[in-house]
Amino acid sequence: MKEMYMLCNAHLDPVWLWQKQEGMAEAISTFRVAADFCEKFEGFIFNHNESVLYEWVEEYEPELFKRIQKLVKEGKWRIMGGWYLQPDCVMPSGESFLRQIEVGNQYFREKFGVVPETAVNFDPFGHTRGLVQILAKKGYKNYLFVRPLGIIPEQNFIWKGYDGSEILGHNVYGTYNSPRGRVLERVEDMMKNPNERGLLCWGIGNHGGGPSEEDWRALFNYQKEHPELTMIPCGCEEYFAAVDREKLRVFDGSLMHCMIGCYTSMVRIKQKHRQLENELLICEKMLTASEVMCDREEMKEAEKALLFSEFHDSLPGTMVKRAEEDMLRQMDYGREILAKYCAKAFFKLCEGQPAGKRGEIPVLVFNPNPYRVSQEVEVEFQLEEQNFNVPEVTLAQVRTQDGKYRFRADEYESF
């Protein structure tokens, strides 16, 4: 007897060969089709992750969103993954991975009362080993991925992090999609797999789509004709609960990587992403140190601008030019919000500083780190005489707060 766990999903890239607005439209269409399917066919289970897509449905189709909430309560619709979206899993910092998880988990907990135990990143081109520790400490037990193929021969394995943390990893057999009307091709292929138990992902995807009646009926008929096979509609947790972890191989490396050319493309996105990533962290530190109040929803928009830029076709740079321009604009929007609050926090921190004396120009610098740093700091200021006092030359001296002489402008090269 062979068991085949059938995980129906609809992988949907919010941007890729289309812009964000098209991703929104397809999310609404896909979720509507899936909800209709869940309500029509007894025993069918639909799965989807990425809280950003649910947010779009909630905003633009609130009645559909209520239907999905009801289906989740009934167990017909499963929240999988639990992240904001499926990001690139190579370039973001550990802080960004935590944000992806926390923002998604908070949304699904608040709207559906659910926090998944299986992280799902089907489509990224590689997965850093540092993820294991983060996942384990955030309560995840399993990790589901497709790319890259062939890193280790087994589909199930124990993935071990740098600190000794462990989670159960699963390399999806084949891929996460099945073209319309061809699901049995995936089934027949998996029947050749010697494992007695397997996980098969099916459903039209990339541009959304989800289940089709044609494929559902084909699966139903195939099951009747093959008594040696048991098909089990499921979510992620059912499959992983059936896996015997005791004899699995331990893998203690990064799952690296494929599509390597994309890591050198669309450099503006990569540069601006790192700027936004750093500026968000600095702004949060400055707000905390200054006790300046901020609009939490506005700060959340800046954070989500960062998270959206980390999508696995955005940060690597594998999307159309118009989508790239959209992404740059969105990141600039996030940076503008942060610049406003950084200024408010900085001016608050500057309160109480002694007034500058005649001939002095105070230069105040905020170090967001809990340790001393040495680096160049560039400032712009205007001299008292505005440099119109020809033929005189003004040489600025740089001194510390306690008056200690550091250097003069003409000495800088040898400093």
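Helix axes here are lines fitted to C-alpha atoms over the stretch in contact, with angles running from 0 to 180 degrees between N-to-C directions. In this predicted model, helix α3 (residues 62–73) packs with helix α4 (residues 94–112) at an angle of about 85 degrees, and their axes lie 10 Å apart. Since angles of 65 to 115 degrees count as roughly perpendicular, α3 is described as roughly perpendicular to α4. On the α3 side, the contact is made by F65, I68, Q69 and V72, while α4 contributes Y107, K111 and F112. Sorted by class, the contact of α3 with α4 holds five nonpolar residues, one polar and one charged.

Leaving aside residues up to four places away in sequence, F44 touches C8, F37, C38, K76, W202, P211 and W216.

Turning to the strands, five of them form an open sheet of mixed pairing, in the order β4-β5-β7-β6-β10. Strands β4 (118–121) and β10 (250–251) stand at the edges with a single partner strand each, so one side of each is left without a neighbour in the sheet. Further inside the order, β6 (residues 156–160) and β7 (residues 166–171) pair in the antiparallel sense over five bridges; K160 has E166 of β7 as its bridge partner. Helix α5 (residues 130–137) packs on the sheet, where it touches β4, β5 (142–145), β6 and β7, and its direction makes about 115 degrees with that of β7.

Note on methods: Residues numbered from 1 in each chain as written. Predicted model: local features only at pLDDT ≥ 70, side-chain atom pairs only at ≥ 80, totals over all residues. Heavy atoms only, no water. Pairing = 2+ DSSP bridges. Helix = DSSP H or I, 4+ residues; strand = E, 2+ residues; numbered from the N terminus. Contact = heavy atoms within 4.5 Å. Parallel < 35°, antiparallel > 145°, perpendicular 65-115°, else oblique. Nonpolar A, V, L, I, M, F, W, Y, C, P; charged D, E, K, R; others polar.
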